[in-house]
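Hello,

Here is the structure I promised to pass on to you. Have a look at it first, and then read on for what turned up.

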Amino acid sequence: MTSTYYLLPDRLERAPAARESPAPDALGSPPTVQTLTTRELDSLAFIAPDIRGTLETLAKVENTYLDVFPACLVGSFAVPDKQRMMDDPTCFAFYLDKTHLVFLDESDTCARLLDTIASQGTVHKPTAAHCLFEFMKLLTKGDLMFLADLEDRMEDVEETIIDRGVKASNRQMLLFRRQLLRIDTYYQQLVDMASELSNNENKLLSHGEAHLFRMFEQQAERLLKRSLTLKEYSLQLRELYQAQIDIQQNNTMKFFTVVTTLFAPLTLLTSWFGMNFANMPGIDLSWGYAAVIVASVGIVLAELAIFKHKHWL
């Protein structure tokens with residue numbers, strides 16, 4: 001990936017490939033947005049050496065974070081892939097001051113998002129901070145649809161649990177929980193970042209720019225609340241799955257209890273007549289064996305009738 005420059009005269013527009021970046025401190029030069037790699041970071045003279053070191057560190061951190069300095073803001077994004085949530089997130093860092101927005105990105109993610117903002121042409125007379133706001137909005141575009149789709153899939157699993165009991169996919173429920181844990185962490189960090197930006201601790205942003213990030217904070221909070229709701233839903237799915245397992249185990253124990261109870265009197269009979277006493281009544285009768293069989297069947301039928309009446313069967 002090579003450096004990409006964007007100018008902000010009246011709207012965000014990509015500078016021609018053959019054109020050099022405008023001198024950062026030139027009088028009257030327009031604000032610029034730039035994407036570059038770690039190897040190209042030293043070429044930016046307007047960024048202090050200690051800030052460069054912070055940027056290089058943040059570009060590798062899987063965390064969405066903001067650090068406030070007296071004259072600039074430095075932060076990082078760790079954006080999960082909505083299609084492959086369990087893969088490593090896309091990580092990049094950014095630098096923001098009054099007239100510069102710089103993204104430190106080893107891939108082309110930031111350039112593609114900035115090209116999208118430029119092609120829309122909806123932002124007129126933007127500032128570097130306004131461009132960061134539009135960039136963050138684009139990061140969360142379609143997230144409500146993603147969460148709605150995730151909820152639909154969770155509802156399908158719930159129906160499967162009800163219909164099929166323990167044959168439902170336990171691995172799928174575990175995957176839901178892990179995905180929601182990641183997306184919940186991401187939204188929480190976005191809310192924290194937007195809150196710090198809107199607080200405007202170093203007075204780098206204008207009142208209007210701070211208001212934009214306050215609006216984004218509210219949007220991120222809505223996404224966070226939705227993800228937390230789905231996270232609770234995933235716990236309910238797990239509880240429902242466990243309840244189905246308990247019901248099946250109870251039914252199994254109930255079956256064995258009924259069978260044991262049915263044969264308990266028969267066990268008593270066999271034990272009684274199995275005693276080796278010479279003078280045991282009925283032992284010499286020709287119809288004694290048949291009488292025991294009839295008595296055993298009668299006892300079993302009587303027990304079945306009682307169990308049915310008690311709704312134990």
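**The largest pocket**

The largest pocket has a volume of about 340 Å³. Please keep in mind that this is a predicted model.

Two helices, α2 (109–120) and α3 (128–139), each supply at least two residues of the lining. Which of the elements gives the most to it? That is α2, with four residues.

**Helix packing**

Helix α5 covers residues 170–199 and helix α6 covers residues 207–273; their axes come within 8 Å and cross at roughly 160°. Angles over 145 degrees count as roughly antiparallel, so α5 is roughly antiparallel to α6. As for handedness, α5 passes α6 in a left-handed crossing. The contact of α5 with α6 has 20 nonpolar residues, together with six polar and seven charged ones.

Helix α6 also packs with helix α7 (residues 288–309), at an angle of about 155° and with the axes 10 Å apart. By that cut-off of 145 degrees, α6 is therefore roughly antiparallel to α7 as well. How is this crossing handed, left or right? The crossing of α6 and α7 is right-handed, whereas α5 passes α6 in a left-handed one.

**Aromatic pairs**

Last, the rings. The count comes to 10 aromatic pairs. One of them is formed by Phe77 and Phe92. A pair of aromatic rings is described by the distance of the centres and the angle of the planes. For Phe77 and Phe92 these values are 5.5 Å centre to centre and 40° between the planes, and the pair is tilted. Where in the chain do the two partners sit? Phe77 belongs to strand β5 (residues 73–79) and Phe92 to strand β6 (residues 90–96), so the pair, with its partners 15 residues apart, links distant parts of the chain.

Enjoy looking around the model.

Best wishes

Note on methods. Residues numbered from 1 in each chain as written. Predicted model: local features only at pLDDT ≥ 70, side-chain atom pairs only at ≥ 80, totals over all residues. Heavy atoms only, no water. Axes fitted to C-alpha atoms, helices over the stretch in contact; angles between N-to-C directions. Parallel < 35°, antiparallel > 145°, perpendicular 65-115°, else oblique. Left-handed = near helix turned anticlockwise from the far one by under 90°. Nonpolar A, V, L, I, M, F, W, Y, C, P; charged D, E, K, R; others polar. 1 Å grid on protein atoms, 1.4 Å probe; cavity = no way out; pocket = protein on both sides within 12 Å on 5 of 7 lines; lining within 4 Å. Points joined across faces, edges and corners; volume = space filled by probe spheres on them. Phe/Tyr/Trp six-rings, centres within 6.5 Å; stacked < 30°, edge-to-face > 60°.
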